[in-house]
Amino acid sequence: MTYFAADVNELALGIFAIVVAITLSVTYWASKRVSTATDFWAAGRGLTGVQNGFAIAGDYMSAASFLGIAGLIFLFGFDGFLYSVGFLVAFLTVLFLLGERMRNSGKYTIADVLSFRMKQRPARAAAALGTLAVAGFYLIAQMVGAGVLINALVGIGFELAVIITGAFMIIYIVLGGMLATSWVQIIKAILLMSATIVLTLFVLGEVGWNPIDLFTQARAESPEGDAYLKPGLFLASPIDTVSLGIALVLGTAGLPHILMRFFTVPDAKAARSSVMWAVALIGAFYVMTTALGFGARAVLGESATEAVGTGGNLAAPLLAEEVGGGAGTFGGDLFLAIIAAVAFATILAVVAGLVISASGAVAHDVWSNIVRHGRDSEKEEVWVAKIAAFAIGAIAIGIAVIGGEGLNVSFMVGLAFAVAASAIFPALLLALTWRRFNTSGAVTGVLVGTFTSIALVIISPTVWPGPDAEGGLFSWYDLANPGIVSVPLGFIGCWLGTVLVREELAERNFDELYVRAETGLGAETGTGLTLTGRRDAPRTAATAASTTIPHP
Amino acid sequence: MATTESRMAGGSDHHPEIDWQAAERSPEFRELIKRKRAFVVPATIFFLAWYFGFIILAGYAPDFMGREFITDGMTVGYALALTQFLMVWGLGWWYLRKADRVFDPLAERAAEVALAAGTPGRARDDRFKRGAAEAPATTDEEAPR
């Protein structure tokens with residue numbers, strides 16, 4: 001892990017500085033334009049489908065995708081690529097089941113959709129709990145990962161790296177809200193895609209332009225031989241593999257920071273096209289992880305196994321250094337520095353998205369609607385959102401610094417996906433499609449989904465090594481991924497809570513939610529906000545008129 | 001009822017002036033739902049089956065997935081993984097086309113009907129008057145953007 005930590009990499013720092021300067025100027029621009037709550041959480045609903053597609057890609061592809069999958073493929077071959085497939089297929093769930101419906105029926109947070117036809121306070125509290133659990137676990141994993149990576153790639157200390165990452169994240173959100181966050185994500189997506197394309201071309205050149213040679217050369221470099229191209233080296237338990245697949249494919253459709261992005265476009269059509277843009281980008285990226293991962297094995301060989309670190313996170317940067325000309329050459333240093341800066345931008349974009357979704361749960365759901373009963377002013381709401389974003393960022397920095405490099409974060413991203421798949425996804429889907437579903441069902445489902453996920457991860461071998469140590473109490477349970485148990489339990493919780501209580505209002509208001517979600521009638525309108533200024537009134541008015549219900 | 005309304009202030013506003021029950025039962029809305037379901041339900045079942053088929057093979061049949069075919073180095077597993085990418089792009093593109101050509105116009109019709117139908121509980125001829133006065137204007141504004 002301390003491979004590059006011998007001294008500070010000035011070239012990488014310089015490229016970092018350029019990336020940061022660009023994102024900060026975007027934030028400065030945005031800060032002068034963001035004023036209303038719709039601006040702050042939904043970027044004024046003014047993003048185009050293409051822009052939001054890039055932003056979704058930037059929000060979604062974390063350093064775990066970029067460095068983690070390359071590393072897993074480098075170390076374990078085919079199994080690493082299973083993650084690539086799952087992360088992409090998940091977007092069909094989003095496209096078919098939730099994306100447009102969220103846009104049509106929501107305002108700022110997933111709680112708006114969940115609580116639309118329910119008792120506000122319990123339903124919102126449940127949605128906020130789910131959101132904070134997912135965002136919290138994901139955020140801490142990203143912050144610790146950021147510290148470790150920046151430490152390894154640039155040579156600045158772990159604590160300092162965490163604090164810098166957290167500080168920029170807070171600046172983007174507090175000053176520029178969702179508008180700045182979206183553009184940071186767009187810039188990151190462009191950087192990540194460009195760097196990956198260049199790296200892929202260099203790797204293909206290295207193996208003689210025949211993609212098949214990636215596999216044969218990688219196999220030749222692996223002591224595992226044929227097994228390297230087969231499943232089973234990393235995911236040894238078949239049932240665990242299936243369980244992971246469930247969490248990936250349904251969990252993405254329950255990630256609050258991804259779902260929140262659908263509120264930033266003007267209508268359902270733009271929401272739909274943004275998913276397709278995201279799918280095109282994310283798919284292309286994950287196909288290229290073949291070149292990054294198998295390529296790293298083919299080019300770097302077995303001798304690099306120690307240098308890539310325990311999770312293989314340094315495989316991609318080392319690969320970049322090698323194809324750029326090797327360690328010590330200018331080309332090698334430059335490529336390494338660029339990959340380091342891209343990794344940094346990647347982390348910043350993801351953590352910013354996570355914190356803004358968490359700030360929505362705290363300020364819009366808990367403060368405005370639960371504490372203040374929806375009677376506070378919009379100004380107050382935005383203020384509380386900024387304070388919440390600052391506090392959440394500070395807490396995340398604190399936990400990452402106190403926990404230190406040794407904090408076991410390997411299970412946290414998996415846990416975030418498990419909670420999203422078992423708690424948020426079932427409740428949202430049923431709220432939008434099942435008339436009988438009610439407050440009691442939503443609360444029960446979210447609680448059961450969240451706590452079974454957490455409990456199952458705590459007793460899993462990832463966290464509790466050696467079940468025998470507990471006197472064999474857990475010997476019957478050895479899944480690292482809880483999805484196969486917790487997702488059905490989440491749905492059962494939703495169903496059980498629903499059938500035990502009859503809630504007339506929720507059923508009566510289903511017609512309204514259903515018609516609005518499917519047709520876009522009465523959907524929230526935008527403020528005409530763009531990065532370069534507000535759009536002229538006529539266009540905004542026309543857009544608004546197409547979906548707004550005239551008040552009597 | 002009054003307390004319920006005030007509790008709902010913070011989220012998306014409710015619009016009691018529309019007869020949502022009638023809108024949900026309108027033939028236009030039923031048609032939209034029918035057509036949408038006819039695509040989304042089979043498409044969802046297909047992609048979940050294709051994906052979990054792949055995952056189950058990866059878990060339980062590693063030797064089959066590791067078998068090489070066509071050429072040395074190309075495994076069944078990797079080829080099946082590539083079909084997943086193609087499936088996502090293909091199904092996504094198909095859905096987009098369907099939504100633009102079929103679902104959006106139907107959704108627009110259903111929304112127009114809901115707006116024109118007006119307030120629940122009003123006298124029938126009153127509703128017709130409202131519809132006559134407002135429907136043409138709404139129709140223009142309902143044009144897709």
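Let me start with the side chain of A:Thr200, one of whose polar atoms lies 2.7 Å from the backbone oxygen of A:Thr196. The model is a predicted one, in which local features need pLDDT of at least 70 and side-chain atom pairs count only at pLDDT 80 or more, while totals for chains, interfaces and linings use all residues. Residues are numbered from 1 along each chain as its sequence is written, chains are lettered from A and ligands numbered from 1 in the order in which they are written, and side-chain values use heavy atoms, with hydrogens and water left out.

A:Thr200 belongs to helix α8 of chain A, residues 158–206, where helices are DSSP runs of H or I with at least four residues, numbered from the N terminus. At 10% relative accessibility A:Thr200 counts as buried, because buried means under 20% relative accessible area with a 1.4 Å probe, protein chains only. Leaving aside neighbours within four places in sequence, A:Thr200 is in contact, meaning heavy atoms within 4.5 Å, with A:Met288 and A:Ala291.

Turning to helix α14 of chain A, A:Ala358 is located there, and at 3% relative accessibility this residue is buried as well. Not counting residues up to four places away in sequence, A:Ala358 touches A:Leu132, A:Ala135 and A:Ile392. By contrast, A:Leu496, 138 residues away from A:Ala358 in sequence, is 28 Å away in space, C-alpha to C-alpha.

How values were computed:
Helix = DSSP H or I, 4+ residues; strand = E, 2+ residues; numbered from the N terminus. Buried < 20%, exposed > 50% of the residue type's maximum accessible area, 1.4 Å probe, protein only. Polar contact = N/O pair within 3.5 Å; in protein donor to acceptor, adjacent residues only side chain to side chain.
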